[in-house]
Amino acid sequence: RQLGYRNKMEFSFGDEVKDGPLALGMHKRGSFYDIVSVRDCRIVDEDYRRILKGTLDYFTAEKAAFFHRLRHLLVRKASHTGEILIALVTTTQENRDLAAFRDMLLGLPLVGKIAGILHIENDSVADVVQSDRTEVLYGQDYFYEELLGLRFKVSVFSFFQTNSYGAEVLYRTALEYAGLTGTETVVDAYCGTGTIGIFASRDAARVIGVENNRDAVRDAISNAKANRADNVRFYTADASDFLQGMAKAGEHADVVILDPPRAGSDERFLSAVTTVAPERVVYVSCNPETLARDLGYLTRHGYRVERIQPVDMFPHTEHIETVVLLSKGEVDSKKI
């Protein structure tokens, strides 16, 4: 799918020109302060555009000031279930009654169904969406998405691939490369809400998921239970520390699957991987530069690259996801 593929967007409040009218959209290229209102974004579907327009019209009519008050609008929509989660992010100085705002959103003619509306307070000076306090204005603070026949609970801040259609291609490729036969112990590092690990559990003896985001791990545990994945265990921990602990304890993994953030992995983690010595490593990367760096380390320490498959998760952008299979020793072609 080339258009309308994103399932998450973070919009910022501001003004397009200094002291100009309220704007809600994206940062102008090269500018920290100037915001360009986005009224017809094609990488999201019509529901996003209606929510965005409704929110901007509402706060414009309210003569609301963004400075030190309104900050962000976060919208997440499940591509397959149609459930929508909306979060308004403000500072604690924005103390207006948001009942009318909630009712405006619930009255919008949307194709999908709103699962939750949140008010998040954040006084941090950093221009990131995070929570000091979260209030549920309507519904719940999570939604459900379905991928490859399984159902996943996703909270407002949990990592989930932003392209559900592309994610299915990505995960099928990663599982093919893992070459599971039902006897393997799999470590799913940087596991997020547990998607890859739960998929892998259908063809592995056991799966260990590791993630340092406590909210994501909570969702992962819930997702495993909902999908009856009884052979999966998730842990809140730094992936490097966890694998090093496995290595020191003399534990073995047959397959390690890692899907790190754009910064890639680090030598502590990669060193632990080589010590645990899995037969196969499946590396899912969103940054070719850090992927090349990390592959360099692994190939210098006993692994070789066997297969590479790019996946276009972000059409109309320069970004790409890549799945790489590395093996230790001879490769069994029947497994890959």
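**Close-up views of a predicted model**

**Figure 1. D40 and R49 pair through their side chains.** The two side chains meet in a salt bridge, at 3.9 Å from N to O. The model shown here is predicted. R49 is a buried residue. Its relative accessible area is 12%, and the cut-off for buried is under 20%, so R49 falls on the buried side. Side chains of opposite charge can pair when their charged atoms come close. How many salt bridges does a search of the whole structure find? The search finds 21.

**Figure 2. R304 and E306 form a salt bridge.** The closest N and O atoms of this pair are 2.4 Å apart. Are the two partners buried, exposed or partly exposed? R304 counts as partly exposed, at 35% relative accessibility. E306 is also partly exposed, with a relative accessible area of 29%. Elsewhere, salt bridges with shared partners build one network from D40, R42, E46, R49 and R50.

**Figure 3. D103 pairs with R102 in a salt bridge.** Here the closest N and O atoms lie 3.1 Å apart. D103 is partly exposed, at 43% relative accessible area. R102 is partly exposed as well, at 25%. The band for this label runs between the buried cut-off of 20% and the exposed cut-off of 50%, so both values fall inside it.

**Figure 4. The largest pocket has a volume of about 1,200 Å³.** Its lining is made of 44 residues. Which of them are closest to the centre of the pocket? They are K8, F159, T162, R262 and C286. Several elements give two or more residues to the lining: β1 (8-15), β2 (22-27), β4 (70-77), β11 (206-211) and α6 (239-248). β1 gives the most, with 4 residues. By type, the lining residues divide into 18 nonpolar, 15 polar and 11 charged. Rolling a probe the size of a water molecule over the atoms shows where empty space is left.

**Figure 5. The largest cavity has a volume of about 60 Å³.** How many cavities of 30 Å³ or more does a search of the whole structure find? There is 1. Which residues line the largest cavity? The lining consists of F159, Y171, D188, Y190, C191, T195, I196 and D259. Sorted by type, these residues give 5 nonpolar, 1 polar and 2 charged. F159 is one of the cavity-lining residues, and F159 is also among the residues closest to the centre of the largest pocket.

**Figure 6. V187 sits in strand β10 (residues 185-189).** Is V187 buried or exposed? V187 is buried, with a relative accessible area of 1%. V187 and V256 are 69 residues apart along the chain, but their C-alpha atoms are separated by 4.8 Å. Leaving aside neighbours within four places in sequence, V187 is in contact with I208, L243, M246, A253, V255, V256 and I257.

**Figure 7. N7 lies in the segment before β1.** N7 counts as buried, at 2% relative accessibility. Which residues does N7 touch, not counting those up to four places away in sequence? The list is Y48, V75, R76, K77, S79, F160, Q161, T162, N163 and S164. T162 in this list is also among the residues closest to the centre of the largest pocket.

**Figure 8. K63 and A277 have positive phi angles, although neither is a glycine.** For K63, phi is about 55°. Where is K63 found? K63 is in the loop between α1 (46-61) and β4. K63 counts as exposed, at 73% relative accessibility, because the cut-off for exposed is over 50%. For A277, phi is about 60°. A277 lies in the loop between α7 (267-276) and β14 (280-285). A277 counts as partly exposed, at 21% relative accessibility.

**Figure 9. Confidence in the chain has a mean pLDDT of 92.** Of the residues in the chain, 96% reach 70 or more. Over residues 331-336, however, the pLDDT is below 50. How many contacts does this stretch have in the model, beyond near neighbours in sequence? It has 13. Where pLDDT is low, the predicted coordinates should not be read in detail.

Note on methods:
Residues numbered from 1 in each chain as written. Predicted model: local features only at pLDDT ≥ 70, side-chain atom pairs only at ≥ 80, totals over all residues. Heavy atoms only, no water. pLDDT = per-residue confidence, 0-100. Contact = heavy atoms within 4.5 Å. Salt bridge = Lys/Arg side-chain N within 4 Å of Asp/Glu carboxyl O. Buried < 20%, exposed > 50% of the residue type's maximum accessible area, 1.4 Å probe, protein only. 1 Å grid on protein atoms, 1.4 Å probe; cavity = no way out; pocket = protein on both sides within 12 Å on 5 of 7 lines; lining within 4 Å. Points joined across faces, edges and corners; volume = space filled by probe spheres on them. Nonpolar A, V, L, I, M, F, W, Y, C, P; charged D, E, K, R; others polar.
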